[in-house]
Structure formats: structure tokens, C-alpha cells
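Trainee: Could you take me through one part of this model in detail, namely how its helices pack and which charged side chains pair there? Please spell out the cut-offs as you go.

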Amino acid sequence: RHMEPLIQVKPPGPKASAILRRDANVGSQSMKREYPLVLERASGVNLWDVDGNRYLDFSAGIAVMNVGWNHPRVVQAIQDQVSRLSHGAFLDFCSEVPVTFAERLQEFLPSALNRVYFSNSGAETIEAALKLARHHTRRKYFLSFYGGFHGRTYGAMSCTAARVIQRKHFGPFLPVIHSPFPDPYHPLCEGSDACDIDVLHYIRHEIFRREVSPEEVAAVIVEPIQGEGGYIVPPRTFLRSLRDLCDEHGILLIADEVQSGCFRTGTFLASEQFGIVPDIVCLSKALGGGLPLGVTVASDEIMTWPQGSHASTFGGNNAACAAGLAVLEILGEPGVSRHVQ
């Protein structure tokens, strides 16, 4: 409800500074924090630090808090669920909350995406998508894009090409070929009025002729709108052309909607804005309302891997799925844009 920040102590204040020093002594310093901010509580778009300063959060908790921090309905759903069953061991036992969540989620998705695999983070959804694509196609290569960020686990990191520090000294990687993205600031597209055509030409005539046969490519993975790459919106025809290219060669199209999904672009999936239905969609971040929740969704025809081939101890966590249900209920209320292909 507050409309402006309230700084009472110059940050980082004494309490925050003390906690940051403690963190430096015990925690991995592999995270590059942009702010010396030590949070104590939150509400809506407001954050309070341990020294009593109030801030407006324009990052949405790293693209997680689409319905706001500590939305009362999300908090109530978590509290109610934890009092009954928090960890459901969905790998070994079934419980109703994850099933209900999957059913509700499908109402927001294109009808072809009717199978849901549960995990706990964006990177895990990518790993599941890569494994599923290999299993379905029996091919080993992937094609991704420069500027794309898909996570930090090995498969996701192999597809990521955003910053050198994210890959330095971690190789070897999965066999992933990277292509320029239709970014007007990329040298391939500089001065071009047909950046998407240039990129598709590069894939066809450079990658598919010089680096890998398209018959060996399991999937193309793409952020419909690049996030960490600089919030790059491709030309409207690009994803349609990419969809056609994949169909031509029997390649699956994976849409990484971890950041762009959940109505961040006006429709539930950003790929809807471009008039295409991916073969596999990865969702996380805002989906869990602040709790770890990820889903990889595909069709019956693609998600045919056998029992025991992929699973997760915490995937389908009841508390996270209850939070996700509350998020979907909030997003699905009248007045919220809902255009589903």
C-alpha cells in the first residue's frame, strides 16, 4: 500500500552489516548479490530490512512474486496445507493437492500440453525437458541461443550462454550448439530489418551445414523473451519460423517460460504472444508464490518415458502445490487477461 520507500538508516545499517559479515564467514560467496540488503519481512511490493528501512521491489523477487510478496491468500493456503501434510512423498505416494494443481494448471495451457512433471526449480524443469526430448527423439544434440539463461545445473548450464563466469571451469558440457538470438544489438542483426530471417538463415546454412545435422538435434530450447540476456523481444515472426523449422526436421521445441510465464507478458505463456504451441514448456518462479515449485509440461504423445526413468523426492510437494493453487486462483480471477490457444 505504501507508495514510496522509507529510509531511516543509511543502508546497509548496523544490523544488516553484521549479518552480511556473518554470511561472508560461513556461506558460499558464489552468488553475486547486487544489493547489501538483508530482508526481514515483506508485503505486496514492499520490503523491510532488518534496520527498519522500507523499499519498493521492482525485481519481483527475481521474477517470482507475480501476485506480490506474502499475498494473504497464498500465505493462508500454505498454513492450512502445512498443518495437514507438507511433504507428500509424491515420488512413492499419491496425494490430491498436486493432482488438483496439475488439473487447474491445464486450464491455463494450450490443450495439447496435458501432462505435468513436478520438480522444485527452474533449472530442474529444464533438466527434465532435456531428458524427455532425448528419450522421445533418441537424438543427442540441442540447439540454444546466445544470451539465453536456462539455469546452473549441468544440462541447463550447457544450454546457457549469457555470461562466461557462469560456464568458466565447469566444462565439459552437453553437446549444445548455440546460435545468435534475433537481438537488434547483436552483430549478426546490426542494421538489419529482418533480424529473425538472418538468424534462421544462420541456423540452416551455418549450423545445420557445418556443425550438426538437423537429424541429430533432439530439441531447440528458447526463451520466448530473453530475460538475463537483456529482456530481448524477438520479431513477432521469429518463433513461428522456429516452430516451422523444428517441424520440418522432427525437432522438439522447448519453451523456457520460467521467467516469462504466469502472465508476465499479458498471456499465461509468452509463447502465446507469438502464436505458437511448444512441444515442451518449462514453468517455475512465479508459479509457487514464493515456494520452490517447477513443472515441465508436454503432450501425451511426448511424455511417454517409462516408470522409474525420471523422478524427484520433493517434486509435487503439497505445501508448494497449495501455494501454486492459490496463485492460479488469483491469476484466474475475472479481469485478468486469459487467452489460451
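Mentor: On the α4 side, Val 97, Pro 98, Thr 100, Phe 101, Arg 104 and Leu 105 meet Asn 318, Cys 321, Ala 322, Gly 324, Leu 325, Leu 328 and Glu 329 of α9. Contact here means heavy atoms within 4.5 Å. Sorted by class, the residues of this α4–α9 contact are eight nonpolar, three polar and two charged. Nonpolar covers Ala, Val, Leu, Ile, Met, Phe, Trp, Tyr, Cys and Pro; charged covers Asp, Glu, Lys and Arg; the others, Gly among them, are polar.

A note on what you are looking at. This is a predicted model, in which local features need pLDDT of at least 70 and side-chain atom pairs count only at pLDDT 80 or more, while totals for chains, interfaces and linings use all residues. Residues are numbered from 1 along each chain as its sequence is written, and side-chain values use heavy atoms, with hydrogens and water left out. Helices (H or I, at least four residues) and strands (E, at least two) are DSSP runs, numbered from the N terminus.

Back to the geometry. Helix α4 spans residues 96-106 and helix α9 residues 318-331; their axes are 9 Å apart and the packing angle is about 30°. That makes α4 roughly parallel to α9. The axes are lines fitted to C-alpha atoms, for helices over the stretch in contact, with angles running from 0 to 180 degrees between N-to-C directions. Angles under 35 degrees count as roughly parallel, over 145 as roughly antiparallel, 65 to 115 as roughly perpendicular, and the rest as oblique. The α4–α9 crossing is left-handed, that is, the near helix is turned anticlockwise from the far one by less than a right angle, whereas clockwise gives a right-handed crossing.

Now the pair α7 and α8. Helix α7 (residues 195-210) and helix α8 (residues 238-249) have axes that come within 9 Å and cross at roughly 25°. α7 is therefore roughly parallel to α8. The crossing of these two helices is right-handed. From α7 the contact uses Asp 196, Val 199, Leu 200, Ile 203, Arg 204 and Phe 208, and from α8 Phe 238, Ser 241, Leu 242, Leu 245, Glu 248 and His 249. These residues divide into seven nonpolar, two polar and three charged.

Next, the charged pairs. Side chains of opposite charge can pair when their charged atoms come close. A salt bridge is taken as a side-chain nitrogen of Lys or Arg within 4 Å of a carboxyl oxygen of Asp or Glu, and by this rule the count comes to eleven.

One of them joins the side chains of Arg 204 and Glu 248, at 2.8 Å from N to O. With Arg 204 in helix α7 and Glu 248 in helix α8, the pair links distant parts of the chain, 44 residues apart. Arg 204 is partly exposed at 33% relative accessible area, and Glu 248 is partly exposed at 49%. The bands are under 20% for buried, over 50% for exposed, and partly exposed in between, with a 1.4 Å probe and protein chains only.

Arg 243 counts as buried, at 6% relative accessibility, whereas Asp 247 is partly exposed at 46%. Elsewhere, salt bridges that share partners join Arg 104, Glu 107 and Glu 329 into one network; Arg 104 and Glu 329 are also among the residues of the α4–α9 contact.

The side chains of Arg 163 and Glu 228 meet at 2.2 Å, N to O. Arg 163 is in the loop between α6 (154-159) and β6 (176-179), and Glu 228 is in the loop between β7 (217-222) and α8, so the pair ties together parts that are 65 residues apart in sequence. Arg 163 is partly exposed at 43%, as is Glu 228 at 28%.

The loop between α6 and β6 also holds Pro 172, which is joined to Gly 171 by a cis peptide bond with omega of about 5°.
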